[in-house]
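Me: I am new to this structure and would like a close look at its nonpolar core. Could you walk me through that part?

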Amino acid sequence: MSAVTTGRSAATAVYSTLLRGLATKGRMVALGMLALLAVALAVVVRARPGIDHADAAYNLVDNYGVSVLVPIVSLVFASAALGDPSEDGTLVYLWLRPVARWQLALAAAGAALTITLPFTVLPVVLAALISGVGGRLVLGALAGSLLAAVAYTAIFCGLGLRVRRALAWGLAYVVIWEQAVARVAKGAARVSISVSTRTVTARIAQHTPLPRNAMSMPVAVLVPTVATVLALVFTTRSLQRGEVA
């Protein structure tokens, strides 16, 4: 068996191991309830008379789906992907496998994303569909939530590896930086995952007004893409240097 084949097999084994560790009953139940809440709220929006259904449906996707559900679920799963093995001392066994450090970083992010997507993108898109206000909102919900899930997962994988109590620090980042500072300060908005992905959602859905500090569409796509790549590079370098929490 060639070294390349051996490396791929080992990377697949690492991915499977991390995936099993993430899929705990407690996490699945708690975050499943958050996901179902998006669908339930969409039913309420559609059934409620005397409101602007298009605006209400967009606000549900924007203010709950992309801004709350996606970052929180991504934080819980991604921070645990390498954070749990680091804390319980089993990360060393992953290091001993014949896996390149960049493959280990990708395996961790991939495992977290495998669970995160059904708990984020799927309910957000279902909420947009159930609202019954048109296909543009559905496409906007899909694009915005997918970009956000990928970027947040990559970022929080590295956070879980390097920082103890990553959940608390990640939550502070989401609440203080993404939901407060970046919505007010234009400079902060330029590097905000929340502002960029909300911009993508709004522009595809053709919703007005756009989010505060909204970007052009190319920049809004570029920001989470660059953040994802940089976060994976950061995680890889941390694994190479043995820099863990």
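Reply: Happy to! Contact here means heavy atoms within 4.5 Å. This is a predicted model, in which local features need pLDDT of at least 70 and side-chain atom pairs count only at pLDDT 80 or more, while totals for chains, interfaces and linings use all residues. Residues are numbered from 1 along each chain as its sequence is written, and side-chain values use heavy atoms, leaving out hydrogens and water.

Let's start with Phe 77. Setting aside neighbours within four places in sequence, Phe 77 is in contact with Leu 22, Arg 27, Met 28, Leu 31, Ala 112, Ile 115, Thr 116 and Phe 119.

Now for the wider core. A nonpolar core is a set of buried Ala, Val, Leu, Ile, Met, Phe, Trp, Tyr and Cys residues joined through side-chain atoms within 4.5 Å; buried means under 20% relative accessible area, with a 1.4 Å probe and protein chains only. The largest such core has 62 residues, and those touching the most other members are Val 14, Leu 22, Val 61, Phe 77, Leu 137 and Cys 157. Among the elements giving it two or more residues are α1 (3–22), α3 (53–88), α5 (101–131) and α6 (135–162). Helices are DSSP runs (H or I, at least four residues), numbered from the N terminus. The largest share of this core, 16 residues, comes from α3. Apart from this core lies another, of eight residues, including Ala 188, Ala 189, Val 195 and Ala 220.

Notes
Buried means under 20% relative accessible area, exposed over 50%, partly exposed in between (1.4 Å probe, protein chains only).
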